[in-house]
Amino acid sequence: MLTLENITKSYFIGEESMRVLDSISITFPSTGFIGIKGESGCGKSTLLNIIASLEKADQGDVLFYNQVVDSQYLKKEITFISQNHDLVSSLTVKDNITIACKIAGINYSNSKLNNIAKTLDIETLLSYYPHQLSGGQKRRVSIARGILKDASILLADEPTGALHLSQAHEVMKLLQQQSHHRLVLIVSHDDDLLKEYCDDILVLEKGKLH
């Protein structure tokens, strides 16, 4: 379903080139909960960005059902929970949660939205604006948006950061449930959470996935 073919990416630090992804090739299953871990700065977030077509690889291709991805892929098939929340300051919490579905033309039910908001303990915040939220609340709004959009692939970059342990477990349980009908890829530094909830764990080291 999702295939990476020889994905390579380098960054320049001054005049020196540092390769963070080195000819990565892998095919992921259509469903399942897969964790990706590695040291800070090893390229985990870069890998998710390339999968989501938010960043371009220097070499290689991302394929979805054997077709090189295009702009419709990101719009329809990907939902992304990023580290920096990406909330729109002029929109309410509810509108921030539903905006990805509206852009993609994906239907959603209010009951599903309300259930997600209740599970993430933000049901009383739906009329609030991002500037009225704490960092942890913003993170949970971003998670709700990612879960509400019923895309084929859910990417989550450190989704449990800034959350209390009990909230982190709730988020991981939600993502695990989502993985029963779609592919969920999560980047995290929390080995314990990955081991408890993920089906498989990949390690990114020296540009390679193990």
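This is a predicted model: local features need pLDDT of at least 70, side-chain atom pairs count only at pLDDT 80 or more; totals for chains, interfaces and linings use all residues.
Q: What makes Arg 19 a contact of Thr 8, and which other residues does Thr 8 touch?
A: Contact means heavy atoms within 4.5 Å. Leaving out residues up to four places away in sequence, Thr 8 touches Arg 19, Leu 21, Asp 22, Ser 23, Ala 57, Asp 58 and Gln 59. Residues are numbered from 1 along each chain as its sequence is written, and side-chain values use heavy atoms, with hydrogens and water left out.

Q: Why is Thr 8 called buried?
A: Buried means under 20% relative accessible area, exposed over 50%, and partly exposed in between (1.4 Å probe, protein chains only). Thr 8 has 2%, so it counts as buried. Its place is in strand β1 (residues 2-13); strands (E, at least two residues) and helices (H or I, at least four) are DSSP runs, numbered from the N terminus.

Q: What makes helix α1 (residues 44-51) mostly covered?
A: Of its 8 residues, 6 are buried. Those are Lys 44, Thr 46, Leu 47, Leu 48, Ile 50 and Ile 51. Just after α1, Ser 53 takes a positive phi of about 65 degrees.

Q: What makes the largest nonpolar core a core, and how many residues has it?
A: A nonpolar core is a set of buried Ala, Val, Leu, Ile, Met, Phe, Trp, Tyr and Cys residues joined through side-chain atoms within 4.5 Å. The largest has 35 residues, and Phe 33, Ile 97, Leu 120, Ile 122, Leu 175 and Ile 186 have the most contacts inside it. A second, separate core of 30 residues includes Leu 4, Val 20, Phe 80 and Ile 153.

Q: Which residues does Ile 122 contact, leaving aside neighbours within four places in sequence?
A: Ile 122 is in contact with Ile 97, Ala 117, Arg 140, Val 141 and Ala 144.
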